[in-house]
Amino acid sequence: MAERAAPGGAGPEAPAPVLVGPQAPELSREEKLQLRKEKKQQKKKKRNEKGPAAEPPELGTPSDPGQPRVAAHPTSSPALADGPNDGEKPTGGKSKAELRAERRAKQEAERAQKQAKKAELSQAATAAKPRLTPTEPQSVVKRLPEHVQVDDPAAQRKLAKKLERQQVPLRQDYGTKVNLFSHLHQYSRKKPLTQQMSIPSTVIHPAVVRLGLQYSQGIINGSNARCIALLEVFKQLIRDYSTPPNEELSRDLVAKLKPHISFLNQCRPLSASMGNAIKFLKKEISCLPDTLREEEAKEKLQDTIDKYLREKILLAAEAISRSAFEKINDKDVILVYGCSSLVNRTLCDAHVKKGRAFRVIVVDSRPRLEGRETLRRLVRKGIHCTYVMINAISYVLPEVSKVLLGAHALLANGSVMSRVGTSQIALVSKAYNVPVLVCCETYKFCERVQTDSFVSNELDDPDDLIVLRKGQAQLGGWAENKSLRLLNLVYDVTPPDLVDLVITDLGMIPCTSVPVVLRVKNVDQ
């Protein structure tokens, strides 16, 4: 007997529900959940059998092609409409959060592995390098000249080997020194230089030997005088030079100059002006063309030295004198210190050639008493002068209108290196609001930076400080007294804030413009 279709059911194309028995009872909610769990377990077993390459199906897609898609429809049966709860996993077995956590863990593991490899490589590199123990000194490039490393045994051994190769004798220090200046040379003028060291006549030119003796005995003083004498001796040395066979003049002449320079440095440390002149001469020798004959090259070098002397010293002094004249007025009271050839020329030109009427106070100090030579030169030109010692400057400064000083060198940081006592005069002048003017040629500008008078300086003979009074010397036996040491400094450093103006051959500039002048000079050369 055929069964009738249920009223309200699907059409003839729709599948009819399968009934077990005449009237199959409807499944409860618990039974539906149990069937669903069993289906999940069966699908998981099938996926495991296929292998780990099978990817879990995404949410909302059927895990089996034959399985119908579950759609949320208001007319669907309650058994299909009930989806999984929020806390349950999808049919794939793992949620997206778990997959993201696994990927993140994998990335962290790879990153940690890379860091471990980098650490191993860095440890291997450091193990290959030799490590210095705390007691071992680190290798530091020292740019200090040899004459300021007297207390360094390694530097002195290196200097001795260098002088031995050049066949130049080493001059021995004299007396005990103040600990703060133990790194500087200290020589004595009691004995002539020829009795202190044997000078090889085959290596050192006789003109250089004579010049070294004059330096050591203090016969030639002053930066300009020492530089002029040096260049004149080098001219004579070039005239007497002959190029050996199979040698080039540009190379051999520089090698021949080195022992002479070392010998002069042993007699007395080179000044900044002498160092600049030597650099200039070496550069000119190295730039000589190979096509020149020996006589032509020697004549060209002598003409170059004459040009340097004329432009850098003589014409520069004339330009400075002309510029300084603008700062000198009638009835001025000008204070000068020591003996500066440039300052003396400036004052003499202003009085004799320009007719300025002014008065000069000459300040002097022991032990050199160089101000006496300045006093003689100015009085000879008819200039009214007053002579005082340096300890009396505070009494005469109230009547001074300006201070005019010379310079040994101008350093790259604007400091002025000059005769010891210059910084004291500049300091007291600043306290009395008296302008301080410094006259200095640009060839004395030095690229060295110095903020004190301790690191790089020069020590003179300490016996010069001994004064005879009524035939007796209170410090006569100072060398035998171990607790007594004499200090005879030659230079000091004046900070740039104590100097108002620097008068140069390029014009009037502040101390802070020294680096600009040095940069322009390097470009021109």
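**Close-up 1. Gly414 and its contacts in a predicted model.** Leaving aside neighbours within four places in sequence, Gly414 is in contact (heavy atoms within 4.5 Å) with Pro496, Cys511 and Val514. Gly414 sits in the loop between strand S5 (409–410) and strand S6 (416–419). Helices (H or I, at least four residues) and strands (E, at least two) are DSSP runs, numbered from the N terminus. At 0% relative accessibility, Gly414 counts as buried. Buried means under 20% relative accessible area, exposed over 50%, partly exposed in between (1.4 Å probe, protein chains only). Val502 lies 88 residues from Gly414 in sequence, with a C-alpha to C-alpha distance of 9.9 Å.

Residues are numbered from 1 along each chain as its sequence is written, and side-chain values use heavy atoms, with hydrogens and water left out. This is a predicted model: local features need pLDDT of at least 70, side-chain atom pairs count only at pLDDT 80 or more, and totals for chains, interfaces and linings use all residues.

**Close-up 2. Ser250 in helix H8.** Ser250 belongs to helix H8. Its relative accessible area is 13%, so Ser250 is buried. Not counting residues up to four places away in sequence, Ser250 touches Ile285, Ser286 and Asp290.

**Close-up 3. The largest nonpolar core.** This core has 42 residues. A nonpolar core is a set of buried Ala, Val, Leu, Ile, Met, Phe, Trp, Tyr and Cys residues joined through side-chain atoms within 4.5 Å. Leu211, Tyr215, Leu230, Phe234 and Phe263 have the most contacts inside it. At least two residues each come from helices H4 (153–166), H6 (206–217), H7 (223–239), H8 (249–267), H9 (272–286) and H10 (294–325). Beyond its neighbours within four places in sequence, Leu230 contacts Leu211, Tyr215, Leu264, Met274 and Ile278. Another core lies apart, with 31 residues, among them Leu335, Val363, Val388 and Val403.

**Close-up 4. Helix H11 against helix H12.** The axes of H11 (residues 341–352) and H12 (residues 371–380) come within 10 Å and cross at roughly 20°. H11 is therefore roughly parallel to H12. Angles under 35 degrees count as roughly parallel. Axes are lines fitted to C-alpha atoms, for helices over the stretch in contact, and angles run from 0 to 180 degrees between N-to-C directions. From H11, Ser341, Asn344, Leu347 and Cys348 meet Thr374, Arg377 and Leu378 of H12. The contact residues divide into three nonpolar, three polar and one charged.

Conventions. Angles under 35 degrees count as roughly parallel, over 145 as roughly antiparallel, 65 to 115 as roughly perpendicular and the rest as oblique. Ala, Val, Leu, Ile, Met, Phe, Trp, Tyr, Cys and Pro count as nonpolar, Asp, Glu, Lys and Arg as charged, and the others, Gly among them, as polar.
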